[in-house]
Amino acid sequence: TGYEEMGYEGEEYYSEEGMMNIGEGDDRVIEFTDPSGKLLYRCGFCNKVSDHKGNLQRHIRVHSGDRPFACHYCNQRFSISSNRSRHARSCKFAPRTPSF
């Protein structure tokens with residue numbers, strides 16, 4: 001994915017303190033407060049901002065290439081579980097129920 005040389009491997013991050021998971025003190029999700037005092041989170045790669053840490057943790061997969069959600073029928077992988085669920089409904093390897 002190109003980020004391995006920077007210490008990133010999927011959901012894990014190699015830092016000076018050892019192995020960490022996304023959002024656990026790594027530099028990929030930056031916590032800050034805006035001028036009004038609202039707590040926000042910024043992507044360490046592209047500066048995308050969100051008010052929900054989970055959204056940024058999911059967004060990081062765009063940069064890391066991590067696709068933790070596999071189709072149960074064909075093993076195609078997805079970075080977002082709802083995309084896997086949508087795919088599974090029309091997967092050509094999924095078992096079909098007969099229509100009468």
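Visitor: Where is the place of Asn75?

Guide: Asn75 sits in the loop between β7 and β8; strands (E, at least two residues) and helices (H or I, at least four) are DSSP runs, numbered from the N terminus. The model is predicted, so local features need pLDDT of at least 70 and side-chain atom pairs count only at pLDDT 80 or more, while totals for chains, interfaces and linings use all residues. Residues are numbered from 1 along each chain as its sequence is written, and side-chain values use heavy atoms, with hydrogens and water left out.

Visitor: What is the phi of Asn75?

Guide: Most residues other than glycine have a negative phi. Asn75 has a positive one, near 65°. Asn47, in the loop between β5 and β6 (49–50), also has a positive phi, of about 70°.

Visitor: Is Asn75 buried or exposed?

Guide: Buried means under 20% relative accessible area, exposed over 50%, and partly exposed in between (1.4 Å probe, protein chains only). Asn75 is at 56% relative accessibility, so it counts as exposed.

Visitor: Which residues of helix α2 are buried?

Guide: In α2 (residues 81–90) they are Arg84, His87 and Ala88. The arc is that of the directions from the helix axis to the C-beta atoms. Here the buried residues fall within an arc of 105°, so they line one face of the helix. The face turned away from the buried side carries the exposed residues Arg89 and Ser90.

Visitor: What covers the buried residues of α2?

Guide: Contact means heavy atoms within 4.5 Å. The cover of the buried α2 residues includes β7 (69–70) and β8 (77–78).
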